[in-house]
Amino acid sequence: MPQLRDSGSERKSAHLHDFARIFGIETEYGLSVTQTARRVDPSRAAMVMFEPVVRRQRATNTYLTNGSRLYLDVGSHPEYATSEARTPAAALAQDAAGEAVMKRLAASAQKELSSRLGEPNLRLHVYKNNLDAAGNSFGCHENYLLRRAVPLSVVERVLIPFLATRCVWAGAGHVVERAEGSGCSAGGVTYELTQRADVLDEAVSSATTRVRPMINTRDEPHANPDEFRRLHVIVGDSNRSQTSTWLRLATTHLVLCMIEQSVRENAGTDGAGVSSSPSEISEQLEALLSVLPSLTHDDPTALMKAASRGEHDAVRNAFTVQRLFCDAAAAFARGRREELISSGSIGDYELDEALRTWDEVVAAGEYEFTVAANADDDAQVLQASQNSQASQASPASQTRDASSTAFIVNLAEQMPAWVEWAAKVRLLEAFRSRHADAEVPRAALEQIELSYHDIAASTVFEGLAQQEDAQIRSMVGNDGGAFNGRASVSGLIRVSAREVKQAVSEPPMGTRAMVRGEFVRKALTSHVEWSCDWTHLEVHGSQAGAGSGTGVRRHEVRLFDPFDDDMFAPPVREVFAALDGE
Amino acid sequence: MPAVNKSQNTNANANANADAEKSADALNAAEAANEAAGRATKQVQSQEQADSLDNLLDDIESSLESNAEEYVQRFVQKGGE
């Protein structure tokens with residue numbers, strides 16, 4: 001039932017006091033055309049890709065039968081915004097559907113371009129990453145519906161340190177140029193953990209502006225603004241690793257639940273059954289916040305940048321911050337499990353998997369700083385002495401490059417298979433060691449990196465995923481050691497081909513995406529003019545045509561409650577009937 | 001992906017041997033033997049993984065466009081977000 005209608009009638013959301021959430025992911029893709037005599041502008045490729053959309057909608061902007069939005073964004077970036085999902089797993093399936101849709105559009109656009117330009121070898125690449133070769137950035141934005149009672153200042157205080165440090169496991173990794181003559185084995189290049197750190201604005205020091213790049217404060221709740229706000233997180237990498245995408249949503253959700261609960265408890269308005277003392281979660285969060293400044297030095301942005309560069313202490317601190325959040329979330333989930341599950345925002349199995357996978361990857365990082373560090377003491381002493389010799393001959397920044405590259409390569413060996421930056425480092429290091437007799441040009445490494453992100457014209461990622469699957473199959477049940485066992489089940493969060501196919505045509509359950517999806521499905525076979533957006537469905541009015549007999553009356557319905565999936569509400573039925581020309 | 005580095009394996013093997021010697025408990029010894037066998041399997045797996053990474057790199061190298069510099073430089077697009 002739509003709320004906040006034009007008449008002004010309002011009804012309280014049923015989810016104001018529970019842990020229900022709406023998840024959404026917006027992904028911009030990068031385009032490039034190769035194997036042609038002359039350069040083909042990405043905007044031209046984008047227009048050809050979107051010709052099927054234009055034919056259907058007379059615009060480069062449409063909604064699909066799964067409720068998602070497909071459009072061309074600024075800079076000719078094809079963008080896919082998932083429909084509203086109730087769980088991280090459902091949002092992941094929609095994101096995977098977006099990849100499939102892009103892949104299909106790219107395949108036909110490649111054929112079209114190839115024949116129109118008379119270039120038989122033309123390749124159209126569609127990159128799910130965040131930087132082009134010149135360093136221009138495009139994003140992967142996460143949306144979380146958040147209760148309005150939570151002040152933005154609290155969100156910033158708690159969430160920013162979490163977001164700044166999750167790159168140690170969520171980063172997609174990046175190959176970057178390094179200073180000449182820095183003496184490390186990686187000739188000409190070094191690695192960064194995330195493609196987002198360098199585009200964060202560090203020029204401004206005022207707190208609100210500093211955090212702006214991680215959370216965009218543009219507040220479009222697409223819901224009753226008195227009850228909800230939309231949290232727009234723009235600091236994440238686009239991940240091809242589905243475990244990474246899913247875990248970003250699941251862990252952020254749990255942190256948001258803790259924040260919301262602490263605000264409720266402080267306000268004394270706990271709507272759910274109180275199972276713990278009123279201020280328990282607030283105390284836990286305060287305890288966590290009290291140690292954060294020593295780890296982040298009150299500058300999470302700087303910490304993220306340093307961790308991304310592989311600075312040893314920054315990475316260690318980032319893992320420590322993640323450990324604090326992971327343990328707090330696990331304790332919170334133990335105390336509030338029933339409410340978390342019954343709110344429908346995370347599945348039973350999904351909750352356990354999220355906490356386990358999170359703990360596992362943080363433990364892998366901690367391992368590098370404890371056991372492995374001790375075992376490698378001799379090597380590090382040697383490395384340090386080499387560094388000190390190097391530092392006499394070269395500037396300090398180059399020394400940092402050398403030791404941080406070696407550190408990143410070591411750390412990558414410890415990470416579970418699904419951690420994207422690490423998988424990339426391992427692949428590229430293996431490539432370099434094959435060609436150890438010759439200098440590997442930076443472009444060759446960048447080419448492999450880009451191919452990894454190419455969803456249309458490359459199978460590098462699929463090859464790695466297959467290898468990972470084989471590894472998982474061979475290791476399951478083989479041993480149970482705390483660390484030896486950790487890779488055995490990682491990466492199992494994977495959307496199957498069948499689920500992707502379903503998500504391409506069907507909306508997620510339990511949100512207004514079901515209403516929008518059904519509207520689009522009916523509209524595509526109807527002869528009337530229509531349009532829709534996130535909160536609005538419309539059948540355009542028309543005059544009686546010469547041949548058609550009758551005109552169509554304009555019908556419109558606003559869908560202001562994202563949790564409302566009722567397709568039988570009278571206003572919705574009226575719009576559906578109008579599509580049928582009734 | 002080799003998740004366990006070599007020094008870790010060596011240490012672990014040494015520990016497993018030491019454990020087996022110290023303990024007269026048959027069950028513990030059997031467990032230690034199992035563990036050692038598991039680690040041997042893991043080393044074989046590591047080799048298999050290295051081989052399969054090698055195969056993957058063969059595939060990648062044969063599929064890459066020949067002019068890497070040209071390939072990379074073609075991807076320049078206005079920023080988004």
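Here is a short tour of ring pairs and of charges placed over rings.

This is a predicted model, in which local features need pLDDT of at least 70, side-chain atom pairs count only at pLDDT 80 or more, and totals for chains, interfaces and linings use all residues. Residues are numbered from 1 along each chain as its sequence is written, chains are lettered from A and ligands numbered from 1 in the order in which they are written, and side-chain values use heavy atoms, leaving out hydrogens and water.

Rings of Phe, Tyr and Trp (its six-membered ring) pair if their centres lie within 6.5 Å; planes under 30 degrees apart are stacked, over 60 edge-to-face, and the rest tilted. Over all chains, there are 13 aromatic pairs.

Start by selecting A:Phe19 and A:Phe332, an edge-to-face pair with 5.8 Å between centres and 85 degrees between planes. A:Phe19 sits in the segment before β1 (23–28) and A:Phe332 in helix α10 (residues 312–342), 313 residues apart; helices (H or I, at least four residues) and strands (E, at least two) are DSSP runs numbered from the N terminus. A:Phe19 is buried at 2% relative accessible area, where buried means under 20%, exposed over 50% and partly exposed in between (1.4 Å probe, protein chains only). A:Phe332 is buried too, at 4%.

Next, select A:Tyr127 and B:Phe75: their centres are 4.5 Å apart and their planes at 40 degrees, so the pair is tilted. This pair crosses between chains, from strand β6 (residues 123–127) of chain A to the segment after α3 (68–74) of chain B.

Finally, show A:Arg264, which lies over the face of A:Phe19 at 5.2 Å from the ring centre. The rule asks for NZ of Lys or CZ of Arg within 6 Å of the ring centre and within 35 degrees of the ring normal.
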